[in-house]
Amino acid sequence: MGRMKKGEEAKEPSVPLAWFPDGKRITKPAYNRQLVCATLFREGPESRVGLHHRTGIPLSRLSEICGELLRAGLIRESVIAPAVGSGRGRPQTLLEIELRGLGVAGVCYGGDHMIAAVADLVGTVRWQRRWDGPFGDGAERLLRKISEAARLAVDAATKDGVQVVAVGAADPGTVDVTSGRAVRAVNVPGWQNVPVVDRLSKATNLPAVIERGDGWQALGEVAFGAGRGAGHAVFVTLLEGIGGGIVENGRLLAGRDGSAGEIGHTRVSEDGPLCGCGGRGCLEAHLAPARLTALWKGRPADRVQQAALRGKDIGDDFAKMLQAARENDPRAREVLADAATALARGLGNTISLLNPERIILGGEFVEAGDLLLEPLKQALPRYALREMLQGLQIRLAELGESSSFLGVAAHVRDRLFAYPSVGARFEEGASPLQSEVAS
Ligand SMILES: [Zn+2]
């Protein structure tokens, strides 16, 4: 991987926008640039005069701001011919956000593989590369790999004409989004309290964000995949580890430190199988593919339990069980129906608690398709309020492994083009609404 040359590190970020302005001091010009960008993104293309009416910024100042934003490649101009018979003789020049020319770099990592990608803000993955591990011992090694992968993605974006505005880390464990640290990942030895955001930001000279991989996937599916158009959605990954994310009006519900959505460790039975977290009867333990295949093969109870805890190395057994179920093997169907019932318990409680309009199921388990969905839909009325089930859509995820990177793009787009907060503090003290906009 290419290393960054000396001297490049000191370069100023090229994006003249207030990044994550909450609570930060921003200048009056920055406030107005943010207002113009947010208006163009959320209200659609607009002329300079139209922007003046929408924002109250004087036309002369707007021309300056738009010039800056055009030069920075954040917006572009398009000329619209006058409508026939509209009475307007002149073509109109509209301004719009340059979403295809802006993008994010994302790195998705775990103990055994790493994927880096570039996604533009329209929602297209423009570049992707994968490395297979292991990446050596210790957090420092992995952190270095992640930083190099991020730099490589930024370089690839530049070659493709995409201006990267932020870098996102998709972590396999729990994270603290406020301090930008990876807290702990059960499957990655030594990965504890790691300052991922700080390192990524220094390595790329760009703003960086961290989120649980499941959280990014949830955001990606809702913005660009099976959750499109849903204001209230719950995403659940079903594979060896079960995770999820709750998306409300385009934003991920964080909880206290970013861990909200760990549906895998909600308890669905009192005396169920032991879980890797130390608890008993977690949804994740009930649905562990290794446990299900051990049950299908009629293994004794203690072997079934060991399989649930061991988790991985099931080889093709799970696929074989699905195939057997498709061919009407009664034991395979029974095992899947029991798994669907456990899932219905977990989802039923989630539905009654959160009242979502859509549930999106992702992860390898969804290869079961109707073998899982049909018994799930049959069982759900026993575990959720009937009125909450009416109109609720349950869909399979559409984006596969792209969802993490598109989730970063969705999050960054939402924050980058947020309306500046009324409570923003200004470096020069005075409110821009008095001294600049209304002058
Ligand atoms: Zn658990």
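Me: Is Asn193 buried or exposed, and how many C-beta atoms tell me so?

Reply: Asn193 is exposed, because 11 other C-beta atoms lie within 10 Å. The cut-off for exposed is 12 or fewer. Keep in mind that this is a predicted model. Asn193 sits in strand β10, residues 192–194.

Me: What does the backbone do at Asn193?

Reply: Look at phi. For Asn193 phi is near 55°. That is a positive value, and the residue is not a glycine.

Me: Where does Asn355 lie, and what is its phi?

Reply: Asn355 is in the loop that runs between α11 and β15 (358–362). Its phi is positive, about 50°, and Asn355 is not a glycine either.

Me: Let me turn to omega. Which peptide bond is cis?

Reply: The bond from Gly133 to Pro134 is cis, with omega near 5°. Pro134 belongs to the loop between β6 (125–132) and α4.

Me: Which residues make the contact of α4 with α5?

Reply: From α4 come Leu143, Ile146, Ser147, Ala150, Arg151 and Val154. From α5 come Val196, Arg199, Leu200, Ala203 and Thr204. By class, the contact has 7 nonpolar, 2 polar and 2 charged residues.

Me: What does Ile146 touch?

Reply: Set aside its neighbours within four places in sequence. Ile146 is then in contact with Val107, Tyr109, Ala169, Val196 and Leu200. Val196 and Leu200 are in α5.

Me: Which residues touch the most other members of the largest nonpolar core?

Reply: The general idea comes first. In soluble globular proteins, nonpolar side chains tend to be buried together. Here the largest nonpolar core has 122 residues. Val104, Ala105, Val107, Ile146 and Ala150 touch the most other members. Helix α11, residues 330–354, gives the largest share of this core, 10 residues.

Me: How does α8 pack on α11?

Reply: Use the angle and the axes again. Helix α8 (residues 289–296) and α11 pack at about 145°, with axes 9 Å apart. Their crossing is right-handed. Leu292, Leu295 and Trp296 in α8 meet Arg331, Ala332, Val335 and Ala339 in α11. That contact divides into 6 nonpolar, no polar and 1 charged residues.

Me: At what angle do α1 and α2 cross?

Reply: Helix α1 (residues 28–43) and helix α2 (residues 48–55) cross at roughly 105°. Their axes come within 11 Å. The range for roughly perpendicular is 65 to 115 degrees. Therefore α1 and α2 are roughly perpendicular to each other.

Me: Which residues of α1 meet α2?

Reply: Leu35, Val36, Thr39 and Glu43 in α1 meet Leu51, Arg54 and Thr55 in α2. By class, there are 3 nonpolar, 2 polar and 2 charged residues in this contact.

Me: Now a loop residue. Is Val268 buried or exposed?

Reply: Val268 is buried, because 23 other C-beta atoms lie within 10 Å. The cut-off for buried is 20 or more. Val268 lies in the loop between β14 (251–252) and α7 (283–286).

Me: What does Val268 touch?

Reply: Leave out residues up to four places away in sequence. Val268 then touches Gly281, Leu283, His286, Ala342, Arg345 and Gly346. Take Gly281, which is 13 residues from Val268 along the chain. Their C-alpha atoms are separated by 5.7 Å.

Me: How far apart are Ser402 and Val125, in sequence and in space?

Reply: They are 277 residues apart in sequence and 7.0 Å apart in space, C-alpha to C-alpha. Ser402 is in helix α14, residues 402–416. It counts as buried, because it has 23 C-beta neighbours inside 10 Å.

Me: What share of the contacts joins residues 24 or more positions apart?

Reply: Take the contacts with a separation of 6 or more. Residues 24 or more positions apart account for 63% of them.

Me: How many helices and strands are in the chain?

Reply: There are 15 helices and 17 strands. The chain has 439 residues, and 43% of them count as buried.

Terms used. Residues are numbered from 1 along each chain as its sequence is written. This is a predicted model: local features need pLDDT of at least 70, side-chain atom pairs count only at pLDDT 80 or more; totals for chains, interfaces and linings use all residues. Two residues are in contact if their C-beta atoms, placed from the backbone, lie within 7 Å. Helices (H or I, at least four residues) and strands (E, at least two) are DSSP runs, numbered from the N terminus. Ala, Val, Leu, Ile, Met, Phe, Trp, Tyr, Cys and Pro count as nonpolar, Asp, Glu, Lys and Arg as charged, and the others, Gly among them, as polar. A nonpolar core is a set of buried Ala, Val, Leu, Ile, Met, Phe, Trp, Tyr and Cys residues joined through C-beta atoms within 7 Å. Axes are lines fitted to C-alpha atoms, for helices over the stretch in contact, and angles run from 0 to 180 degrees between N-to-C directions. Angles under 35 degrees count as roughly parallel, over 145 as roughly antiparallel, 65 to 115 as roughly perpendicular and the rest as oblique. A crossing is left-handed if the near helix is turned anticlockwise from the far one by less than a right angle, and right-handed if clockwise.
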